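Have the structure open as you read.

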Amino acid sequence: MLRCLDRPPTVTNATSTRRWTYADYCRIPADRRRHEIVDARHFVTPAPSPRHQEVALRLAAQFLRAVESAGRGRVFVAPLDVHLAPGTIVQPDLVVLSKR
């Protein structure tokens, strides 16, 4: 499992053309914005709106009832680093891991 290590943050230029790595991602200071690395490029989005949070919470509650309560898997809410591929780390609002 990949984990960010406690290291002092470094300031990097988000507009650079260099390829971002998970190590770079781990050095981004906590600033209450969503940082994601997609195809080794850095993307920043503002904090979600209250309406967005309300909808995400209601969806999470529905998934908890349908998935976890039935023993079909696990449900997680943001922030959670999801590694989709090398050079792609995202933080979706909800993550559902089903049992096989």
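Let's start with Val 55, Leu 59, Phe 63 and Val 96, which make a nonpolar surface patch of about 280 Å². Keep in mind that this is a predicted model. Helix H2 gives the patch its largest share, with 3 residues.

Val 55 is one of the patch members, and it sits in helix H2. Its relative accessibility is 35%, so it counts as partly exposed: the cut-offs are under 20% for buried and over 50% for exposed.

## Ala 56 in helix H2

Now look at Ala 56, which also has its place in helix H2, the run of residues 50-68. Is Ala 56 buried or exposed? Ala 56 comes out at 14% relative accessibility, so it counts as buried.

What does Ala 56 touch, once residues up to four places away in sequence are set aside? The answer is Asp 93 and Leu 94. As for Ala 78, it is 22 residues from Ala 56 in sequence, and the C-alpha to C-alpha distance between the two is 9.5 Å.

## The largest nonpolar core

In soluble globular proteins, nonpolar side chains tend to be buried together. Here, the largest nonpolar core is a set of 7 residues: Trp 20, Tyr 22, Tyr 25, Cys 26, Ile 28, Ile 37 and Ile 89. Helix H1, spanning residues 22-26, contributes the most to this core, with 3 residues.

Ile 28 is one of the core residues. Leaving out neighbours within four places in sequence, Ile 28 has contacts with Trp 20, His 35 and His 42.

Methods: Residues numbered from 1 in each chain as written. Predicted model: local features only at pLDDT ≥ 70, side-chain atom pairs only at ≥ 80, totals over all residues. Heavy atoms only, no water. Core = buried A, V, L, I, M, F, W, Y, C linked by side-chain atoms within 4.5 Å. Buried < 20%, exposed > 50% of the residue type's maximum accessible area, 1.4 Å probe, protein only. Helix = DSSP H or I, 4+ residues; strand = E, 2+ residues; numbered from the N terminus. Contact = heavy atoms within 4.5 Å. Patch = residues over 30% accessible without salt bridge, like charges linked within 9 Å, V, L, I, M, F, W, Y side chains within 5 Å. Areas by Shrake-Rupley, 256 points an atom, 1.4 Å probe, with all protein chains shown as cover. Salt bridge = Lys/Arg side-chain N within 4 Å of Asp/Glu carboxyl O.
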